[in-house]
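Take a look at the structure shown here. This report goes through it part by part.

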Number of protein chains: 2
Amino acid sequence: MGKGDLTRAAILERAMDVASRCGLGGLTIGTLAEELDLSKSGLFAHFKSKEALQIQLLEYVAGQFIERVVRPATQEARGIPRVRAIFERWARWSKWKSMPGGCLFVAAATELDDRPGPVRDRLVELQRDWLGAIARAAAIAVEEHQFEPDLDPAQFAHEVYGIMLAFHHARRLLRDPKAQERADAAFEALIERAARVERTRQRRRVG
Amino acid sequence: MGKGDLTRAAILERAMDVASRCGLGGLTIGTLAEELDLSKSGLFAHFKSKEALQIQLLEYVAGQFIERVVRPATQEARGIPRVRAIFERWARWSKWKSMPGGCLFVAAATELDDRPGPVRDRLVELQRDWLGAIARAAAIAVEEHQFEPDLDPAQFAHEVYGIMLAFHHARRLLRDPKAQERADAAFEALIERAARVERTRQRRRVG
DNA sequence: GCAAAACACGAACGATCGTGCTATTTTATG
DNA sequence: CATAAAATAGCACGATCGTTCGTGTTTTGC
């Protein structure tokens with residue numbers, strides 16, 4: 001149906017902007033309504049509670065993430081290209097203009113890690129799914145004999161996540177202009193290690 | 001002088017506990033006073049503002065960090081042992097019982113990355129100092145010919161930080177029981193890469 | 001074009017926030 | 001032990017929080 005869903009989408013869009021900067025807790029109904037030229041109660045009516053707003057925001061952002069990162073990466077060729085696409089799209093995602101405060105999930109992760117409740121539960125599910133997706137891409141690269149056969153895909157996913165977290169930290173807190181190249185270097189080293197390129201490197205040294 | 005500084009220390013101790021769980025913003029004067037059986041105004045009088053409380057809390061926690069991580073690591077032998085000590089003490093630190101919500105700096109990092117002000121400024125200084133200390137330990141390992149001569153110490157520090165962030169994420173948000181061993185594995189791989197052990201590994205393969 | 005449903009607004013609520021004032025109690029000092 | 005100083009309590013303030021309710025205004029379906 002019509003108008004309601006339209007403003008609801010506008011609210012979530014704006015909420016994503018605000019929450020990326022102030023966190024899910026700092027996202028307040030009053031200021032959000034003000035930014036959208038809505039009344040507090042009018043906005044509130046769209047969600048029965050703030051908790052529901054937070055959860056629906058998570059769903060909305062997760063949808064955007066799938067659209068902008070997961071799906072395009074999945075369409076890439078199996079193996080290392082797909083793994084690379086995941087990393088590149090992910091980095092681009094966390095610099096997306098609609099999230100001026102950086103990846104919302106990163107912010108929510110540390111914010112909610114000690115706040116039990118449905119919001120946290122949903123976030124954990126989403127993060128597990130995403131880590132699982134990365135691990136799957138890594139496992140495929142193993143199948144394709146592009147990664148070492150004894151590579152642990154979950155460990156690989158974990159380390160990629162660490163690289164992204166460090167990227168976020170360097171870029172958003174420290175304002176380090178080298179953040180991107182630091183992340184790239186770390187990722188390249190991880191790929192090199194996953195694919196056993198020691199012999200390749202040795203060849204390079206000899207040649 | 002006497003009593004004042006005593007309660008001030010008790011306040012900061014408790015504030016560290018609370019802030020590690022709820023963040024620097026979630027740290028509220030009312031609840032903090034209640035937990036300590038103090039009046040709100042009585043507690044408030046110790047710090048002229050909430051911002052000052054946050055900054056002084058940062059200083060306090062930084063002091064604890066130096067005492068429990070930096071100093072003991074510095075007393076370790078130059079080179080890889082010291083680098084290892086940094087990592088191990090750091091991991092132990094973030095599991096410290098006085099910070100039930102995990103490392104306060106990790107929580108504050110994502111919380112303050114878009115909140116300009118003196119609190120953020122101080123946090124950035126502290127983080128830069130710490131990254132610098134890690135880089136220095138890595139540089140010493142290079143001097144000692146335990147790490148490759150062309151290793152970038154700042155890049156090394158950045159990646160160690162990423163490992164710790166991923167550790168925090170896995171442990172505190174995902175409640176992953178393998179968090180520690182994941183972090184250990186990532187760190188070992190990083191050390192292996194920094195020290196050029198390809199030939200050693202090759203030897204192992206041959207032998 | 002009308003009835004019905006959906007949507008938005010305004011005002012108000014209890015709670016809690018940080019922050020001032022003013023006493024009152026507690027501590028340190030001669 | 002008295003007294004000045006420091007530490008804490010009590011109270012109130014304006015602001016803002018999430019939430020509820022009643023009423024008005026669009027939008028929609030027939």
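**Sorting residues by class**

Ala, Val, Leu, Ile, Met, Phe, Trp, Tyr, Cys and Pro count as nonpolar. Asp, Glu, Lys and Arg count as charged, and the others, Gly among them, as polar. With that sorting, the surface near DNA strand D has six nonpolar, 12 polar and five charged residues. Keep in mind that this is a predicted model.

Start with DNA strand D. It is surrounded by 23 residues. The closest are A:Gly2, A:Gly30, B:Gly4, B:Ser41 and B:Gly42. Which elements give two or more residues to this surface? Chain A supplies helix H2 (29-35) and H3, while chain B supplies helix H1 (3-26) and H3.

Now turn to DNA strand C. By class, the surface near DNA strand C has six nonpolar, 12 polar and five charged residues.

**The fold of chain A**

Chain A is built from helices. There are 10 of them, and zero strands. From the N terminus on, the order reads α-α-α-α-α-α-α-α-α-α. Along the principal axes, the C-alpha atoms of chain A fill a box of roughly 70 × 35 × 30 Å.

How much of chain A is buried? Of its 207 residues, 37% are buried. Contacts also reach along the sequence. Take those in chain A between residues at least 6 apart: 60% of them join residues at least 24 apart.

**The nonpolar core**

In soluble globular proteins, nonpolar side chains tend to be buried together. In this model, the largest nonpolar core has 114 residues. Which members touch the most others? They are A:Ala15 and B:Ala15.

Leave aside residues up to four places away in sequence. A:Ala15 then touches A:Leu27, A:Leu32, A:Leu53 and A:Leu57.

**How the two chains are related**

Two copies of a chain are related by a rotation about an axis and a shift along it. Chain B can be laid on chain A by a turn of 180 degrees and a shift of 0.0 Å along the axis, with an RMSD of 0.0 Å. That is the relation of a two-fold axis. In chain B, the C-alpha nearest this axis belongs to B:Gly162, at 2.3 Å.

**Where the chains meet**

Why do the copies meet through the same surface? Because 100% of the interface residues of chain B are also interface residues in chain A.

**A closer look at H8 of chain B**

Helix H8 of chain B covers residues 153-173, which is 21 residues. From first C-alpha to last, the helix reaches 30 Å, close to the 30 Å expected at 1.5 Å a residue. Is H8(B) mostly covered or mostly uncovered? H8(B) is mostly covered, with 19 of its 21 residues buried. Just after H8(B), B:Arg175 takes a positive phi of about 55 degrees.

Conventions: Residues numbered from 1 in each chain as written. Chains lettered and ligands numbered in written order. Predicted model: local features only at pLDDT ≥ 70, side-chain atom pairs only at ≥ 80, totals over all residues. Helix = DSSP H or I, 4+ residues; strand = E, 2+ residues; numbered from the N terminus. Expected span 1.5 Å × (residues − 1). Buried ≥ 20, exposed ≤ 12 C-beta atoms within 10 Å, placed from the backbone. Least-squares fit on C-alpha atoms with pLDDT ≥ 70 in both. Contact = placed C-beta atoms within 7 Å. Core = buried A, V, L, I, M, F, W, Y, C linked by C-beta atoms within 7 Å. Near = placed C-beta within 6 Å.
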